[in-house]
Amino acid sequence: MSSSMVAKRYALALFRIAKEQQLLGVIEEELRVVKEVVGYNPEFKALLKSSKLSLDKKKEILTQAFATINVYVLNTLLILIDRHREDQIIDVANEFIQLANDEMGIAEAEVHSTRALTDAERDGLSAVFAAKVGKKSLRIENIVDSNLLGGLRLRIGNRIYDGSLRGKLDRLERKLLT
């Protein structure tokens, strides 16, 4: 079975429990934390994959690292360790987040701007672009990029909306060269 199918199955099982227990938002936020910890700490990831550690030791380390996390999330992580699927933790988190976003009508968006966006600007962007992609709202990750010169570049899924000065100059250059 492919790794994406495995991740989808675990994520779907956790999603059903979260929905049944009315903990969708809580579990989603906790999985974001798990994803960040595992994804941005190569030492932690290597520790979980180590063949020198027993399953019990790996489970103990995981339990200590995520002591305050919801029991359903922790149990899912422990099952992944039991089944030697440590490498699937981030994929399961991503799949769950996607399921939760679809359920709540939220889309993930990357916004590249020359400066950090204010809350009002985030809300305005969310209102305008969420409607364009058929969602209720956007969860915006703001990336400050001084190469844009001005304006914004949005990425929602596989759609890119480029209203940056750099993008306009590039399009003008291509037009002039043809």
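This is a predicted model: local features need pLDDT of at least 70, side-chain atom pairs count only at pLDDT 80 or more; totals for chains, interfaces and linings use all residues.
**Entry 1**

Residues are numbered from 1 along each chain as its sequence is written, and side-chain values use heavy atoms, with hydrogens and water left out.

Next I checked who pairs with Glu 29: it forms a salt bridge with Arg 32, the closest N and O atoms being 4.0 Å apart (a side-chain nitrogen of Lys or Arg within 4 Å of a carboxyl oxygen of Asp or Glu). Both residues lie in helix α2, 3 residues apart, about one turn of the helix (helices are DSSP runs of H or I, at least four residues; strands are runs of E, at least two; both are numbered from the N terminus).

I then followed Arg 32 to a salt bridge with Glu 108, where the closest N and O atoms are 2.5 Å apart. Arg 32 is in helix α2 and Glu 108 in strand β1, so this pair ties together parts 76 residues apart in sequence. Through shared partners, salt bridges join Glu 28, Glu 29, Arg 32, Glu 108 and Arg 139 into one network. Glu 108 is partly exposed, at 33% relative accessible area.

**Entry 1: strand β1**

I see β1 pair with strand β2 (residues 137–144) in the parallel sense over 8 bridges (DSSP must find at least two bridges between paired strands). Ala 109 stands opposite Ile 140 in β2. On the other pairing, 5 bridges join β1 to the antiparallel strand β3 (residues 152–156), and His 112 stands opposite Arg 153 there.

Glu 103 sits in helix α6 and Lys 19 in helix α1, 84 residues apart. Glu 103 counts as partly exposed at 40% relative accessibility, and Lys 19 does too, at 43%.

**Entry 2: Val 34**

Last, I listed contacts of Val 34 (heavy atoms within 4.5 Å). Leaving aside neighbours within four places in sequence, Val 34 touches Phe 66, Ile 69, Val 73, Leu 77 and Ile 89.

Notes. Buried means under 20% relative accessible area, exposed over 50%, partly exposed in between (1.4 Å probe, protein chains only).
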